[in-house]
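Hi,

Here is the structure I promised to pass on. Have a look at it first, and my notes follow below.

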Amino acid sequence: AASVGVNKLTIVEAYAVLEADGLIQSRPGAGYFVSNTVSSPQWRSHFAPTQKVTISETGETFCEQIMATLQAQQQKDIINFSSGFPLTQESANFQRIAKRAIANSTDTLFRYDLPQGQLVLRQQIAQMLLNQGLEVSPEEIIVTNGSEQGLSLAMRYYLQPGDWVIVETPTYHGALGILANLGVKVIGIPMTAEGMNLELLEQYLCSHRPKLIYTISTLHNPTGITTSQTHRQKLLALAQQYECPILEDNAYEALNFESEPVAAPIKALDRSDIVTYISTFSKTLMPGLRVGYTVVTGKHYQPILEQKILQDLHSSTVSQAIVSEFLAGGHYRRYLNRLRTNHLHSRNAMLQALERYFPAQASWTIPQGGLFLWVHLPEGISVQAICREALSRKILVASGTAFFPNHQGYPALRLNFSNSLADIDRGVAVLGELVQKYLVA
Ligand code: PMP
């Protein structure tokens, strides 16, 4: 056999390079072995940046925290006060509707569909929005994978790394996660009973020239506040004056305890295509369907639709067909009435349980809809310890800190009340006990 002369040092160096790249591993006394996992730091560094922003209490990133919550939810017998989902006992009804939806749409199920979503569904959404005081055409709607995707599409379109963006404080932590990932700088404007503090907003619009205002205008997550009509007008006027687009998130609109719309969306007042509006069926039907929608008008429509094409081509046709079937024939309106009644009972039960089990130093909101109570605890209490111990007793709760852009620790709990009356009583009793314990500690 022909032999090739290679300097021994070259081989040693080559092995060192392979080892540094994580492709081989040395085992002293045994030689070199091909690695099971290819995961050296250099190799990884070529890929998308991981999130650097961490929640101060736990040191976790947003995604780690979401993963932990979703994982914990899988446990049997867990009481989930942590995420927002509808309280419905209608799985038989759902099954019937889903079956019918699939039977009626066999022609569309075996091909790709439109990126903006099925026309029938967009027509139905347009009709629903009209009932809420927002007149748009189906051509101004994009069906998305939950409203989370709507947030992501719009934020990617409006923002560049380093830009300033305005959010309410507290605000939906999922939006904060996307913003952190985009590398933008976030300004938090405190909520008042009427909506975000507009004096502060104007100061920041003037001094920082932000590129986007993110607002949850109706039944805000987590405070439950609905931005008043006059506030909506002023907010829009300010945004127009400073040429700053608004992203209006209306995920909870359908969940007001009154069946009449609480207030027309800010988008309904918009004559200059400055507002992008998003909402979802996750909070009313099933979060797992992942059907949300974005309303975007004028020149902004096409680029946001292109983002959608690049991300996932289109949303699930099966999910869209199920939602569409639900919206047909008045099911949805009747269903929402039943849902609101369930939620109102649960909210009342949670308020009673808080009165009964929580110490006098705690206080909470009384929302007129949505899914959450926002519970303020005394300054200095370890919310992290309460959440951790609650989880060990199979109660999942969200710490207030997650809802602030600086993630610096905030003494509050966000509790989802859409649970059974028995779970509410049992879960709030445990939480009350823990709050007492850590007050004294
Ligand atoms: N916006 C707000 C305010 C929310 O609370 C949520 C869900 N918690 C979402 C958007 C996203 O929900 P989905 O993607 O399921 O529509």
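Let me start with a strand pair: S13 (residues 372–376) and S16 (residues 412–416) run antiparallel to each other, joined over 5 bridges. Strands here are DSSP E runs of at least two residues and helices are H or I runs of at least four, both numbered from the N terminus; two strands pair if DSSP finds at least two bridges between them. Within that pair, His-376 sits opposite Ala-412 of S16. Both strands belong to an open sheet of 4 strands, ordered S12-S13-S16-S15 with antiparallel pairing. Its edges are S12 (363–364) and S15 (398–399), each of which pairs on one side only.

Before you go further, bear in mind that this is a predicted model: local features need pLDDT of at least 70, side-chain atom pairs count only at pLDDT 80 or more, and totals for chains, interfaces and linings use all residues. Residues are numbered from 1 along each chain as its sequence is written.

On the whole chain: there are 15 helices and 16 strands, and the C-alpha atoms fill a box of roughly 85 × 60 × 55 Å along the principal axes. Of the 441 residues, 43% are buried (20 or more other C-beta atoms within 10 Å of the residue's own; 12 or fewer is exposed, in between is partly exposed, with C-beta atoms placed from the backbone).

Next, a helix pair. H9 (residues 198–208) and H10 (residues 229–241) pack at about 5°, with axes 11 Å apart (axes are lines fitted to C-alpha atoms over the stretch in contact, and angles run from 0 to 180 degrees between N-to-C directions). That angle is why H9 counts as roughly parallel to H10 (under 35 degrees; over 145 is roughly antiparallel, 65 to 115 roughly perpendicular, the rest oblique). Leu-198, Leu-201, Glu-202 and Leu-205 of H9 meet His-231, Lys-234, Leu-235 and Leu-238 of H10, where contact is C-beta atoms, placed from the backbone, within 7 Å.

Val-53 lies between H2 (41–44) and H3 (62–73) and is partly exposed because it has 16 C-beta neighbours inside 10 Å. Leaving out residues up to four places away in sequence, Val-53 touches Thr-61, Phe-62, Ala-180 and His-407. Val-53 and Gly-183 are 130 residues apart in sequence, with their C-alpha atoms 9.6 Å apart in space.

Cheers

Note on methods: Two residues are in contact if their C-beta atoms, placed from the backbone, lie within 7 Å.
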